[in-house]
Every structure is written in structure tokens, then in C-alpha cells.
Amino acid sequence: MFDQFRNKFPLTDEKWNEYIGYFNRIEVPAKTTLLEEGEVSKKLYIIEKGCIRVWFNNNGKDLTTQFFFENESVASIESFMKKLPSPTNIETIEPSVLWWIHKNDLDKILEEIKEIPELRDSLINKLFERTFDYMKYFVSFIKDSPAERYVNLIQQRPQIILRVPQHYIASYLGITTVHLSRLKSKLVNKNN
């Protein structure tokens, strides 16, 4: 799993192996809750295989905010970094192989690598990338119609369309599954 990242970081083999040793591998079935809303996040996950969704309950409605796939990391970042109750749930959609690291261990690594500019910059870029994704999602909800959001999803993140159940996609788009079915029918008819 980690071999693909090895050449990206200027670390000695000894340091690399020490840091990798902090990670724990788990295999979990679909519909496994990794973090419940209200808990304080103490683990960051890296996905070797599978799909994870982040969601919250809004007055009994299940609202999905993000999907994560292979080689992506996921945590309730605000909860993880600031030790606050998580505003979201994290759950597997598919059977998944995950690597997790405890916050205390990640903090040790971060303290050590903050003096290495390449590592520090890489970490900052990853955090900003996640922030930009949230901003695009937020702006899209204000600016775009559900149909536009669906077309953007098809173009920008086709793996969601291919791997995620329709009711989660509808939740992510902020519409009902019936509305999603209508959107899909209109697109098919428009393209025929």
C-alpha cells in the first residue's frame, strides 16, 4: 500500500519504516461505521480498497457530503485536529481494506516532519485540496441546479456514478431518488 508513496518523501528507510509502523490494517464489510456523529475523531484512514462516505443526519434526513476512494485519506478533519465532536458520520459503502493511524501517532510524525519543507508543503497542499473540494461543493449547492450538479458529477467524478448506490448519490445532490431517476431519464432522452 505505502510503496507507491515512498519515493515522494525524502526520508531515510529507517524513518519511513518507523512511520509506516504506526499504521494498522483492517478489513471491514460494507455499512461499517468508522465514526459516529458526536464522537471525537481519533483516527485518520487511508483507503487501500473500497469506498467511504461522509454524511450527517438533518432532522431525520441522511445527507451525504463526500465520497472517498482508493489512495485517499478520510477523517472528520475538524474533529480530528481540534478534538471537537464530529459533525458527521463516516461509513464504508463497499467492503473495504483500510489503514488507520491514531491521532497521537500522527501528531508525533507531524512534529518531526514539520522541519522538512517538502513534507510540510505536501501536507498543507493536501489540506487545501480538501478545503477546495468542500468549497466547490458548497458553491455548487448555491449556484447550480440539481441537473447541473449531476452533470458535473458525471464529468468530474465518474467513479461515484459507477460505484455508489443511487440513494447516496441523491443524498449527495440534495434531491430525492425519484428526482434523480427523472434527471437520469431526461439526460438519456436528451442524448438520444
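How much of the chain is helix and how much is strand over residues 22-110? Over that stretch, 16% is helix and 48% is strand, and the end C-alpha atoms sit 12 Å apart. Helices here are DSSP runs of H or I with at least four residues, strands are runs of E with at least two, and both are numbered from the N terminus. The UniProt annotation for residues 22-110, from an unreviewed entry, reads "domain: Cyclic nucleotide-binding"; such annotations may be inferred rather than shown by experiment. The model is predicted, so local features need pLDDT of at least 70 and side-chain atom pairs count only at pLDDT 80 or more, while totals for chains, interfaces and linings use all residues. Residues are numbered from 1 along each chain as its sequence is written, and side-chain values use heavy atoms, with hydrogens and water left out.

Now for the inside. In soluble globular proteins, nonpolar side chains tend to be buried together. A nonpolar core is a set of buried Ala, Val, Leu, Ile, Met, Phe, Trp, Tyr and Cys residues joined through side-chain atoms within 4.5 Å; buried means under 20% relative accessible area, exposed over 50%, and partly exposed in between (1.4 Å probe, protein chains only). The largest nonpolar core has 17 residues, and Phe67, Ile160 and Leu180 are among those with the most contacts inside it. Helices α6 (146-156), α8 (166-173) and α9 (177-191) each supply at least two of its residues, with α8 giving the most, 5 residues. Leaving aside neighbours within four places in sequence, Phe67 is in contact (heavy atoms within 4.5 Å) with residues including Ile52, Ile93, Ile160 and Tyr172. A second, separate core of 16 residues includes Trp16 and Trp99.

Charged side chains come next. A salt bridge is a side-chain nitrogen of Lys or Arg within 4 Å of a carboxyl oxygen of Asp or Glu, and the count comes to 11. Lys15, Glu18 and Glu112 are linked in a network of them. Elsewhere, Lys143 forms a salt bridge with Asp144, with the closest N and O atoms 3.8 Å apart. Lys143 is exposed at 63% relative accessible area, whereas Asp144 is buried at 15%.
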